[in-house]
Amino acid sequence: MSLNARLEPVLYLFAGLFGVAGVALAALAAHGGGQANLAASASAMCLAHAPALLALALGSTKLKTAWLAGLLMILGTLLFAGDLVSLSFGGSGLFPYAAPTGGWAMMLGWLAVAAGAVFRVRS
């Protein structure tokens, strides 16, 4: 079984979880107080990557790099959004540079999607 096939259920799982988190964080940002901008940014990242993960799961047989792109996007979104939520509600981030590390991981995930155009699955 390929890595893409093994990871497909994980991609669906995190697509759903990020979708729920994105909507909940958007509601918190709309009704929140002083740090609402952090919740809004976390919401945006969750809502941007939820459909991307869904697309990676659906296209995993066509995109050789889907497993890598998905893992990077999951890790990046967890770090980026998690750091902002932790900062907003807990007063401190996850660890120094968690959000930028997550941002880099998300960008590398998108580059892995682009690399899939070069490293094509043979039909």
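Ser43 sits in helix α2, and with a relative accessibility of 4% it counts as buried. Keep in mind that this is a predicted model.

**Ser43 and helix α2**
- Setting aside residues up to four places away in sequence, Ser43 touches Gly22, Leu25 and Ala26.
- The helix that holds Ser43 is α2, which covers residues 36-58.

**How α2 meets α4**
- The axes of α2 and α4 come within 13 Å and cross at roughly 30 degrees.
- That angle is under 35 degrees, so α2 runs roughly parallel to α4.
- The two helices cross in a left-handed way.
- On the α2 side, the contact uses Met45, His49, Ala52 and Leu56.
- On the α4 side, Met106, Trp110 and Val113 do the touching.
- Sort the residues of this contact by type and you get six nonpolar, one polar and no charged.

**How α3 meets α4**
- Helix α3 takes in residues 66-90 and helix α4 residues 98-115.
- Their axes come within 7 Å and cross at roughly 155 degrees.
- Since the cut-off for roughly antiparallel is over 145 degrees, α3 and α4 are roughly antiparallel to each other.
- Here too the crossing is described as left-handed, with α3 passing α4.
- α3 brings Leu68, Ala69, Leu72, Met73, Gly76, Thr77, Leu79, Phe80 and Asp83 to the contact.
- From α4 come Ala98, Ala99, Thr101, Gly102, Gly103, Ala105, Met106, Leu108, Gly109, Trp110, Ala112 and Val113.
- By type, the residues of the α3 contact with α4 split into 14 nonpolar, six polar and one charged.

**A look at α4 itself**
- At 1.5 Å a residue, the 18 residues of α4 should span 26 Å, and the end C-alpha atoms are 25 Å apart, so the two values agree.
- Buried residues in α4 are Ala98, Ala99, Gly102, Gly103, Ala105, Met106, Gly109 and Ala112.
- What do the buried residues of α4 pack against? They pack against α2 and α3.
- Met106 is one of those buried residues, and it turns up in the contact with α2 as well as in the contact with α3.

**Gly102, inside α4**
- Gly102 belongs to helix α4 and has a relative accessible area of 0%, so it is buried.
- Leaving out neighbours within four places in sequence, Gly102 is in contact with Gly76, Leu79 and Phe80.
- Gly102 and Val10 are 92 residues apart in sequence, and their C-alpha atoms are 18 Å apart in space.

**Ser88, in α3**
- Ser88 is part of helix α3.
- Is Ser88 buried or exposed? Its relative accessibility is 17%, and the cut-off for buried is under 20%, so Ser88 counts as buried.
- Apart from neighbours within four places in sequence, Ser88 contacts Gln35 and Leu38.

**Tyr97, in the loop**
- Where is Tyr97? You'll find Tyr97 in the loop between α3 and α4.
- Tyr97 has a relative accessible area of 65%, so it is exposed.
- Check the backbone here: phi of Tyr97 is near 65 degrees, a positive value in a residue other than glycine.

Terms used: Residues are numbered from 1 along each chain as its sequence is written. This is a predicted model: local features need pLDDT of at least 70, side-chain atom pairs count only at pLDDT 80 or more; totals for chains, interfaces and linings use all residues. Side-chain values use heavy atoms; hydrogens and water are left out. Axes are lines fitted to C-alpha atoms, for helices over the stretch in contact, and angles run from 0 to 180 degrees between N-to-C directions. Helices (H or I, at least four residues) and strands (E, at least two) are DSSP runs, numbered from the N terminus. Angles under 35 degrees count as roughly parallel, over 145 as roughly antiparallel, 65 to 115 as roughly perpendicular and the rest as oblique. A crossing is left-handed if the near helix is turned anticlockwise from the far one by less than a right angle, and right-handed if clockwise. Contact means heavy atoms within 4.5 Å. Ala, Val, Leu, Ile, Met, Phe, Trp, Tyr, Cys and Pro count as nonpolar, Asp, Glu, Lys and Arg as charged, and the others, Gly among them, as polar. Buried means under 20% relative accessible area, exposed over 50%, partly exposed in between (1.4 Å probe, protein chains only). The expected span of a helix is 1.5 Å times one less than its number of residues.
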